[in-house]
Amino acid sequence: MEEISEGKPSITGLGCNSQQDEIFGLRPPYKAFKCPMSREIMQDPVFIESGYTFERGALINWFAVCTRRGRKHVCPITLKEISSTSLIPNIALRSAIEEWKETNDAMQLDRAVTCLKSDSADYDVLWSMEFIGQFCKKNNTNKTLLRKKGVVSMIAGMLRSRNERVCLRALEILKILVEENDENKGVLAEGDLVLAPIKFLTQGSFQEKELALCLLHELSKAMVLSERIGRVDSVMIILAGIASDSENNLAADRAEEILENLGKCESNIMQLAEVGRMQPLFDMLLHGKPEKQSQMASHLKYLVLSNNIKLLMADKVGPTLVQMLSEGDSVAQESSLSALCQISSNEESAAILIEARILSPLLNHLFAVGPNHLASHRMKMKELAATCLSNLVSSGIDFTTVPIDDTYNTLVSENTVEDLLHLVSNTGPAIQFKLLQALTGLTRFESTVKPIITAIKISGALTALVQLIETPRMEIRVASLKLLQNISPYMDQELADILCQSSGQLDSLVQEISDSTGFLTEENVARIRLLCGLSQSNSNIITQLAELGAFEIFVSHVALIRQGEISCSQYAAPALEGLVKILSRITFVLQENPKNIQLAISLNLACLFTDLLGINGNDGVLIDSATALGNLSTESKNLSKPPQQPTPRLVRIRFSRRQPNVVTKVCQVHRGLCSAKDTFCLIECKAVEKLVSCLNHNNRNVTEAALGALCTLLEDGVDSNEGVWKLFEEGGVDIIFDVLIQDENKALQRKAVWAVERILRIEDMAKQAAVGYSSVGIALGQAFQLGDSDTREVARKALEHIKRQPSFSDIYTR
């Protein structure tokens, strides 16, 4: 055959020339290899009766054109008519072409491999990868040949190139090499080859990222690659981030598919769970073998779960975990209980677990007894059960309606609470702490605190609980203090008796608070709140605290907190509120012991509480301060003494410089000598203005407390008219009218009606209300109709003052 030089160039002449072809032994195609019609190398050569050979497809098209144009079939070369259109395969030529292709392919493959091995120019590398891509597409067996020549590793090495075109082409060719070829995928599982495409997910260009995702998607279909990819640091986080990208849906979908493939590998389940991909873990827990279920459940304790994930887990696998806790072997029980501890720390998920009847197996493990050789495992289970119980109680569910067994016992049944109290006194610190937390949670609600109070009284556990406030473990001291605080309103006398005994618990409480100068802790705040929880009328506690010098310490701490000299602002506000509440307790027992009045005088409480009215943002301090001022002011009329008239006597005349007369101001409200410190006079301590300001507070409890204190200036035993005028001077009368008109709070309205009636006793005030405040009459009328008996009577009198009383004589007569 005649050899020709013309023809279509080889696979892009990138980096190729005739000299290089000769070096690599490449043979150019013969002229006979090319179809005379298409000028392309023939794939399926056939000849016709004229003797000429053509590409089958080209000849078929030629005959079709002849038929369409109504012409006779002729040879494309001779244009002579032929009698038959039969196409006879040219087997010899076809074999020759295939032999030529195989020879040249082998030559070009060697050339491509050589370029990849050597430090070739980028255009040679690009040509090599282009050839390899086309070589792969010819048949799958070529991929095996390429793997044996090490091409897969070489192409992966090209991903380290600084040329973006080289990296892009390498990603494309790698995907072709590994498609439907697990052996080639296995090559990338060796060493760090799989790291290269992963880096493009965060460092590559947009195109590199897209191609890297396509490659990883193909690799993730193989189990060996799926496991290897999962071991790469942060890959799950990266893929999860791409999957959640709403701006690139294609990349997001591809990343999602990769994560799904990775989830089929068991070793990847926990890494996926760490990034919130929980479905593989759910599937294993629901359908896996018992040992796999235990393994998955035990891993959960190492995860940091969001509340949404906890809720999802409770819904999907909560019942399964509860069943494992109830029916599984010791390993399954421990692993499931660890998982349940995690899930139960969310309120909504806790409710689902309770509905799944977790309480029964939980309490069984908590109260379990057994052989000594299992003591370690049993104590571990008890600790986990106590932790889970504490979490469940924190959810705020009403446990009075939740049965724990078929006998309809509940968590707050007498026998259950007694068992919990017994365990508190006879267990280790870790379990003790969690049980105290659980009991504290149950005593936060009125529906569950009463059964617990009953159980404490019957079991006599109060003394043991009080003793815990001196235990060496700080967390147990805090937990016991919080529990005692919750039960103190219901067992104030019993608790006070124990604290005031010679064992020194009360002295210890005060000493610990005293030592907190300069720094506040959660424990100190808990001690302060415990003292707050005792009844406000328990004079015995007040006496004991006074003898210990506690109130001087508390006043000093209030000053330090207000001056910012006690650090840790996290606890400053609750500590201040607690200290003020304790100090206000003195004002509730002034009549029970004259020493309490002297104590209030020595502490200058009237000025202290007046000063505290200027605090913003702490309603508790404002309420307690205003209430305390009201209690103190009630005593002012008894403490204020009229000035004594000097007794006439003979005076020896002496020549001396005349001394000026000392003029003492008499309080018009209390009709005597008053002072802020000694008689608690609201006027002298400048409290009236601040109390009037509190009447406009958003918190109506603050308003009620302030109004109650101001009413002491209008009560019997003082000059209420002068009190009214003092309120008028400070702008309080109009505000009290507004409170009566606008407020619907029953307790506050009752006080407002009482105050308004006292104000309207002054004729000028009654006229002002009748003319300028027509709504006052309407509000009084409503109070008369809707109030209780005392309020209705006071409202009737007030209506008389403004001449608005309707005719109710028949009603009064009856």
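Reader: Which residues line the second largest cavity?

Author: Before the answer, please keep in mind that this is a predicted model, in which local features need pLDDT of at least 70, side-chain atom pairs count only at pLDDT 80 or more, and totals for chains, interfaces and linings use all residues. Residues are numbered from 1 along each chain as its sequence is written, and side-chain values use heavy atoms, with hydrogens and water left out. On a 1 Å grid over the protein atoms alone, a cavity is a set of points where a 1.4 Å probe fits but cannot get out, a pocket is an open set with protein on both sides within 12 Å along at least five of seven lines, and lining residues have an atom within 4 Å of a point. Here the lining of the second largest cavity consists of I354, R357, I358, L359, S360, V402, P403 and I404.

Reader: What is the volume of the second largest cavity, and what classes of residue line it?

Author: A volume is the space filled by probe spheres set on the grid points, which are joined across faces, edges and corners. For the second largest cavity this comes to about 40 Å³, and the search of the whole structure finds two cavities of 30 Å³ or more. As for classes, Ala, Val, Leu, Ile, Met, Phe, Trp, Tyr, Cys and Pro count as nonpolar, Asp, Glu, Lys and Arg as charged, and the others, Gly among them, as polar. The lining of this cavity has six nonpolar residues, one polar and one charged.

Reader: Which residues lie nearest the centre of the second largest pocket?

Author: They are K665, I683, E684, K726 and E729, out of 16 lining residues, and the pocket holds about 320 Å³ of space. Its lining divides into seven nonpolar, one polar and eight charged residues. The largest share, four residues, comes from α39, where helices (H or I, at least four residues) and strands (E, at least two) are DSSP runs numbered from the N terminus.

Reader: How is α39 placed relative to α40, parallel or perpendicular?

Author: The axes of α39 (residues 720–729) and α40 (residues 732–742) come within 5 Å and cross at roughly 90°. Angles under 35 degrees count as roughly parallel, over 145 as roughly antiparallel, 65 to 115 as roughly perpendicular and the rest as oblique; the two helices are therefore roughly perpendicular to each other. In this contact (heavy atoms within 4.5 Å), V724, L727 and F728 of α39 meet G732, V733 and I736 of α40.

Reader: Is K677 buried, exposed or partly exposed?

Author: Buried means under 20% relative accessible area, exposed over 50%, and partly exposed in between (1.4 Å probe, protein chains only). K677 is partly exposed, with a relative accessible area of 40%, and N604 is partly exposed at 26%.

Terms used:
Axes fitted to C-alpha atoms, helices over the stretch in contact; angles between N-to-C directions.
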